[in-house]
Amino acid sequence: MTRNSNRAGEPAGADPAHYAGVIERTGLLESRRRVIAYGGAVLLALLAIGLRRWLDVLGPEIVPFTLFYPVVLACALLGGIGPGLVAVALTSAAATMWWIEPVGLFSLSPVGLVNLVLYLLSNTAIITVAHLLRTSYRRLRQSEARLSLSQDVGQIGIWDLDLKTGGLWWSPAMRTLTGIAPGQPPAVDAILSRIHPAD
């Protein structure tokens with residue numbers, strides 16, 4: 001028996017691109033498109049700064065950093081650590097220039113310095129969590145793609161019944177291999193009817 005291979009001595013599927021998910025292939029969550037990631041971070045940060053400046057007409061009581069946290073999170077989730085840090089740098093500079101007393105770039109009082117340090121620390125935590133989420137999501141997608149590939153190659157299907165809730169899940173390979181109609185919702189009877197009585 002011979003194995004299919006994509007390179008000399010390498011089994012089919014050993015190439016990560018073979019089992020990579022759609023997100024990995026397009027690079028939407030990868031740093032391959034650094035210009036887009038960093039450009040997007042700059043654009044989002046500038047939009048948030050502009051919106052925050054526009055909100056100054058409502059009065060000085062608005063918390064200066066309110067709009068900046070979600071921007072840093074979005075930049076870190078979509079682009080990674082670097083774009084997240086770019087967003088932090090831009091929003092920190094804007095905050096020290098316009099909203100932390102005394103206003104003016106790098107003219108911080110002790111209270112303003114504490115505010116800035118707390119802002120930087122909280123954003124460091126946000127970027128770290130976003131990085132962990134991105135890494136976990138990428139690994140989960142790769143693991144899911146490998147599992148699907150192994151099911152296809154091994155011609156096996158998987159089904160899972162939650163005994164507490166009665167919820168049933170089955171893999172697309174299970175549906176294909178057993179001839180279950182595409183529109184049929186998962187049901188125990190559908191699975192049991194396809195198992196040989198001797199089994």
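This is a predicted model: local features need pLDDT of at least 70, side-chain atom pairs count only at pLDDT 80 or more; totals for chains, interfaces and linings use all residues.
Thr135 belongs to helix α6, which covers residues 110-154. Thr135 counts as buried because its relative accessibility is 14%, and the cut-off for a buried residue is under 20%.

Helix α3 covers residues 34-54 and has 21 residues. From its first C-alpha to its last, helix α3 reaches 30 Å, close to the 30 Å expected at 1.5 Å a residue.

Which residues of α3 are buried? They are Ala37, Ala41, Ala45, Ala48, Ile49 and Arg52. Seen down the axis of α3, these buried residues fall within an arc of 100°, so they line one face of the helix. An α-helix has 3.6 residues a turn, so residues three or four places apart point the same way.

On the face of α3 turned away from its buried side lie the exposed residues Val35, Ile36, Leu43, Leu47 and Trp54.

## Aromatic residues

How many aromatic pairs does the structure hold? There are four aromatic pairs in the structure. A pair of aromatic rings is described by two quantities: the distance of the centres and the angle of the planes.

How values were computed:
Residues are numbered from 1 along each chain as its sequence is written. Side-chain values use heavy atoms; hydrogens and water are left out. Helices (H or I, at least four residues) and strands (E, at least two) are DSSP runs, numbered from the N terminus. The expected span of a helix is 1.5 Å times one less than its number of residues. Buried means under 20% relative accessible area, exposed over 50%, partly exposed in between (1.4 Å probe, protein chains only). The arc is that of the directions from the helix axis to the C-beta atoms. Rings of Phe, Tyr and Trp (its six-membered ring) pair if their centres lie within 6.5 Å; planes under 30 degrees apart count as stacked, over 60 as edge-to-face and the rest as tilted.
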